[in-house]
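Let's take a walk through this one together. Keep the viewer open and turn the model as we go.

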Amino acid sequence: MEFVVKSAKASIQKTATLILPLAEGCILGSVAQSVDSASGGALSGALKRGDIQGKPGQTLLLHSLPNLKAERVLLVGIGKAEELDTRQWRKVVNAAQVAIKHLGGVDATFAMQDVQVKNRDSYARTRLLVEILADGQYVFDRFKSKKADPRALQKIIVLCEKAEQPGVERAVREASAIATGMAFTRDLGNLPPNICHPNFLADQAKQLGKAYKGLKVEVLDEKKLRDLGAGAFLAVSQGSDQPGCIIVMQYNGGKKGDKPYALVGKGITFDTGGISLKPGQGMDEMKYDMGGAASVFGTLKAVLELQLPINLVCLLACAENMPSGGATRPGDIVTTMSGQTVEILNTDAEGRLVLCDTLTYAERFEPRTVIDVATLTGACIVALGSNTSGLLGNDDELVQQLLTAGEKAADRAWQLPLFDEYQEQLDSPFADIANIGGPKAGTITAACFLSRFAKKYAWAHLDIAGTAWTSGGKEKGATGRPVPLLTQYLLDRAN
């Protein structure tokens, strides 16, 4: 999908479909009024028939209006103009997209420059519009014998005021990069686990390294991990015939010597639970347990597309958690890369085991900040549902920066407490720490576990168990989150 920014008048724009906003009560904004005047009152006449009231998401398609170069005009309800917020704006854009998706014509023009969205200027409003439109074009039919019909729509034109054009063009550029990253993340998540295993992800990293200058890729195989003393990581991967690995990707877009930001992704390409076997129902969705690694891949892709002037290290902890004669047993004790010992009480709490050694490995890069991203706990879904990612950390400034980035990107997180009292739930009579803390506060105790391996830097943990994919039915699939949040965080640091 191509996005083009213009400052032309809507009334003279040649396009297959011209999209105009309509406020509740059939109120036309200034741009729509100019189109109405040019068409000799055709819009006003259509509104008198009462086919649309302007409520959020309502649409009305009009054909061949006089004196216009647009073949069609699509009116989209925005509700009460003074109440239009981010959530309603998303609903409005999605409604427009559904309406134009199967129309003829290779282009469509959004003339919504006079729409005001609460707490969003023209840049932020446009960026969200483009991200929604680009993400809405996503199709995953790689394994369908009959592919989706090719889309007629090839180009979206975004109209804006002349003075706002530089900011709007920046919004389109950044939104397109984020959408590219989200699509990459969704593709990786939606792949079946017999194809998307740790070595496959390593190959994806190597391909990125060949495609983009300034990206260095290294893969730490199980032999190297054994030499490094990554006993917790290997306790997870040893049950599978697919060898695990830590993928290291270094992007140097900033000044030489500048400390990098670090992203750490959980990449469990399939999670059976190991010996602590999961129930069979819905287990197919455990291919999404690599959503953290996939979102780090997607964020890196967006950074590479934008060539942000920062240094970034991405560490992906990739393994498959399987039951076998060689699998770790509940009750086993392992020694981590940091030297701390862990009693494994539940092999289904494996994500923290691969992450803890990866967090220790991150120390060698002397990072400014470290953010780990993981589909870590079902408890996070219970607490926050599928709308909001869980956020915990040891640095208040970093946590606040991520919360702010989430608000900007409309990809929100919510902070949970990391009080010392929760650490006591991880006490073990036989080792330094247990890998689970009992049934209470599961998301928090999982973060408490990770915090013991992140004491040497500013660290935050994003639990995306509820946001990385959509469950069940025809809508099942990876979402691409939290690529917008993470990219926004890095954009803020670059700026």
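How many residue pairs are in polar contact across the interface of domain 1 and domain 2? The rule finds seven, counting pairs where both residues are at pLDDT 80 or more. That confidence score is there because this is a predicted model, so keep that in mind throughout.

Who supplies the residues on the domain 1 side? Helix 3 (86-100) and helix 4 (122-136) are the elements that each give two or more residues to the side touching domain 2. Helix 4 gives the most, with four residues. Sort that side by class and you get six charged residues, four nonpolar ones and one polar one.

Now step back to see what is being joined. The chain splits into domain 1, covering 2-159, and domain 2, covering 180-494. Their centres, taken over C-alpha atoms, sit 38 Å from each other. Where they meet, 11 residues of domain 1 are in contact with 15 residues of domain 2.

The size of an interface is often given as the accessible area lost when the parts come together. Here that comes to about 1,100 Å², with carbon and sulfur atoms giving 49% of it. On the domain 1 side, Arg 127, Asp 135 and Tyr 138 lose the most area to domain 2, and together they make up 44% of what that side buries.

Side chains of opposite charge can pair when their charged atoms come close. The rule finds two salt bridges across the interface of domain 1 and domain 2, while the count for the structure comes to 15. Find Arg 142 and Asp 187: they form a salt bridge, and their closest N and O atoms are 3.9 Å apart. The cut-off is 4 Å, so you can see how this pair gets onto the list.

Arg 127 turns up again in another salt bridge, this time with Glu 131, where the closest N and O atoms are 2.9 Å apart. Both residues are in helix 4, and because they are four residues apart there, about one helical turn separates them.

Next, some rings. The structure holds seven aromatic pairs. In one of them, Tyr 288 and Trp 469 have ring centres 5.4 Å apart and planes at 15 degrees, so the pair is stacked. Tyr 288 comes from the loop between strand 10 (261-271) and helix 9 (291-306), and Trp 469 from strand 19 (residues 469-470), so the pair ties together parts 181 residues apart in sequence.

Finish with the backbone. Most residues other than glycine have a negative phi, and most peptide bonds are trans. Gln 307, in the loop between helix 9 and strand 11 (311-321), has a positive phi, near 50 degrees. Further along, a cis peptide bond joins Arg 481 and Pro 482, with omega about 5 degrees. You'll find Pro 482 in the loop between strand 20 (477-478) and helix 14 (483-494).

Notes. Residues numbered from 1 in each chain as written. Predicted model: local features only at pLDDT ≥ 70, side-chain atom pairs only at ≥ 80, totals over all residues. Heavy atoms only, no water. Domains from an automatic or database assignment. Contact = heavy atoms within 4.5 Å. Buried area = accessible area lost by both parts, 1.4 Å probe. Salt bridge = Lys/Arg side-chain N within 4 Å of Asp/Glu carboxyl O. Polar contact = N/O pair within 3.5 Å; in protein donor to acceptor, adjacent residues only side chain to side chain. Nonpolar A, V, L, I, M, F, W, Y, C, P; charged D, E, K, R; others polar. Phe/Tyr/Trp six-rings, centres within 6.5 Å; stacked < 30°, edge-to-face > 60°.
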